Amino acid sequence: LEPFMEATKILSGERYPTLIMVFPVLRSIKGRLDDATLRPFLEEMKAKSYPDCDNGLVDLLLQCASYLQREFLKRFRGMDSMLMWITFLNPVFVQMKHLHETEKHAVKERIIQLMV
């Protein structure tokens, strides 16, 4: 749950604008919930049967991770495109390291559309 606590702290700031941080924070949470990273870790815990790790607990964690991922994707589907261009306009994110090349192109196109 640490990524959620971290996101809450960042997005609850009162002394700095937080809207520009939404996309990078959501991208970070999405990455942490990604099956490609979380599931192998939990499966390894289960396979090694650590003495202090109950396999029932690992199964429950796997179910929770799957649920959080489904709900996250359902809740924030389609929000990426709206938030990407807002983040792009902030000088802090000018290099856009958190975006893929296709996303960078889409953001530039969206900004041009909005200006015309």
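**Helical architecture, core and surface of the predicted model**

Helix α2 comprises twelve residues and spans 16 Å from its first C-alpha to its last, close to the 16 Å expected at 1.5 Å a residue; the expected span is 1.5 Å times one less than the number of residues. The structure is a predicted model, in which local features need pLDDT of at least 70 and side-chain atom pairs count only at pLDDT 80 or more, whereas totals for chains, interfaces and linings use all residues. Residues are numbered from 1 along each chain as its sequence is written, and side-chain values use heavy atoms, with hydrogens and water left out.

The secondary structure of the protein chain consists of six helices and zero strands, giving the pattern α-α-α-α-α-α along the sequence. Helices (H or I, at least four residues) and strands (E, at least two) are DSSP runs numbered from the N terminus. Of the 116 residues of the chain, 29% are buried, where buried denotes under 20% relative accessible area, exposed over 50%, and partly exposed the range in between (1.4 Å probe, protein chains only). Among contacts (heavy atoms within 4.5 Å) between residues at least 6 apart in sequence, 53% join residues at least 24 apart.

In α2, the buried residues are Val22, Phe23, Pro24, Val25, Leu26, Arg27, Ile29 and Leu33. The largest nonpolar core has 15 residues, of which Ile29 and Leu83 touch the most other members. Such a core is a set of buried Ala, Val, Leu, Ile, Met, Phe, Trp, Tyr and Cys residues joined through side-chain atoms within 4.5 Å. Two or more residues of this core are given by each of α2 (22-33), α5 (79-88) and α6 (101-115), and α2 provides the largest share, six residues. Beyond residues up to four places away in sequence, Ile29 touches Pro3, Phe4, Ala7 and Phe72.

Two further positions were examined in α4 and α6. Leu62, in helix α4, counts as buried because its relative accessibility is 8%. With neighbours within four places in sequence set aside, Leu62 contacts Arg39, Leu42 and Glu43. The C-alpha atoms of Leu62 and Arg39 lie 6.8 Å apart, although the two residues are 23 residues apart along the chain. Ala106 belongs to helix α6 and is partly exposed, at 38% relative accessibility. A C-alpha separation of 8.9 Å is found between Ala106 and Met84, which are 22 residues apart along the chain.

One salt bridge is present in the structure, defined as a side-chain nitrogen of Lys or Arg within 4 Å of a carboxyl oxygen of Asp or Glu. It joins the side chains of Glu71 and Lys74 (3.2 Å, N to O). Because these residues are three apart in helix α4 (residues 55-76), about one helical turn separates Glu71 from Lys74. Glu71 is partly exposed at 29% relative accessibility, whereas Lys74 is exposed at 53%.

The protein chain exposes about 8400 Å², 61% of which is supplied by carbon and sulfur atoms; accessible areas come from the Shrake-Rupley method with a 1.4 Å probe, and for residues only the protein chains shown count as cover. Leu1, Tyr67 and Leu68 make a nonpolar surface patch of about 340 Å². Patches are made of residues with over 30% relative accessible area and no salt bridge, like charges being joined within 9 Å and nonpolar side chains (Val, Leu, Ile, Met, Phe, Trp, Tyr) within 5 Å. Leu1 lies in the segment before α1 (2-11) and is exposed, with 80% relative accessibility.
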